[in-house]
Amino acid sequence: MEQMLAKLRARFLPGPSGEEAAAAQRAREASRYALAPARRRVRIEGRVSEVTVRPRSESVPDLVVDLDPFDTSVQPASLVMLGRREVVGIHVGAALAVEGLLTTVKNRPTIFNPAYELLLENEESQ
């Protein structure tokens, strides 16, 4: 509902340009995820601080990525890619935008199998 209202406001009310409005909207969404209830779809933009492979069974690993959001007031999150040993482009220092259902595992915000987008240096919302 909020997204629909935001789109209508952007379309009919004067304000910043489309790119500026989109960047502001992404920043608002990224900073709100810490307050989001469990099982709520969120978008987080940040930089990868750690990548580890966690064995789940003898043949099926999980790739665990720690993401530090660009908004420093927001808690870091874990991304778990089930059944993956690596993902091309995801490495320590890479800038990512991820989207998925938020849950909490051991008091840490976690997203399983998120959709992700690699960000260029000039796309970061710092």
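Predicted model: local features only at pLDDT ≥ 70, side-chain atom pairs only at ≥ 80, totals over all residues.
View 1. Valine 105 has a relative accessible area of 37%, so the residue counts as partly exposed. As background to this view, the protein chain as a whole exposes about 8,300 Å², and carbon and sulfur atoms supply 53% of that area.

**View 2. The loop between β4 and β5, with lysine 106 and asparagine 107.** Lysine 106 is placed in the loop between β4 and β5, the latter strand being residues 108-112, and asparagine 107 is found in the loop between β4 and β5 as well. Lysine 106 is not a glycine, yet its phi is positive, at about 55°. Asparagine 107, also a residue other than glycine, has a positive phi near 60°. Lysine 106 is exposed, with a relative accessible area of 79%, and asparagine 107 counts as exposed at 69% relative accessibility.

View 3. When residues up to four places away in sequence are set aside, threonine 110 touches Ser78, Val80, Leu101, Leu102, Thr103 and Val105. The C-alpha atoms of threonine 110 and leucine 79 are 5.7 Å apart in space, although the two residues are 31 residues apart in sequence. The side chain of threonine 110 also reaches the backbone oxygen of arginine 108, at a distance of 3.0 Å.

**View 4. The salt bridge between arginine 108 and aspartate 66.** The side chains of arginine 108 and aspartate 66 meet in a salt bridge, with an N to O distance of 3.6 Å. This pair links distant parts of the chain, with arginine 108 in strand β5 and aspartate 66 in strand β2 (residues 61-69), 42 residues apart. Arginine 108 is partly exposed, at a relative accessible area of 25%, whereas aspartate 66 counts as buried at 16% relative accessibility.

**View 5. A network of salt bridges that includes arginine 43.** Arg43, Glu45 and Glu117 are linked in a network of salt bridges. Glutamate 45 forms a salt bridge with arginine 43, in which the closest N and O atoms are 3.2 Å apart, and both of these residues are buried. Glutamate 117 also forms a salt bridge with arginine 43, here with the closest N and O atoms 3.7 Å apart. Because glutamate 117 lies in strand β6 (residues 115-118) and arginine 43 in strand β1 (residues 40-55), this pair ties together parts that are 74 residues apart in sequence. Arginine 43 counts as buried at 16% relative accessibility, while glutamate 117 is partly exposed, with a relative accessible area of 37%. A search of the whole structure finds 4 salt bridges.

**View 6. The chain around the close-ups.** The secondary structure of the protein chain comes to 2 helices and 6 strands, and these elements run α-α-β-β-β-β-β-β from the N terminus on. The protein chain has 126 residues, of which 31% count as buried. Among contacts between residues at least 6 apart in sequence, 53% join residues at least 24 apart.

Terms used:
Residues numbered from 1 in each chain as written. Heavy atoms only, no water. Buried < 20%, exposed > 50% of the residue type's maximum accessible area, 1.4 Å probe, protein only. Helix = DSSP H or I, 4+ residues; strand = E, 2+ residues; numbered from the N terminus. Contact = heavy atoms within 4.5 Å. Polar contact = N/O pair within 3.5 Å; in protein donor to acceptor, adjacent residues only side chain to side chain. Areas by Shrake-Rupley, 256 points an atom, 1.4 Å probe, with all protein chains shown as cover.
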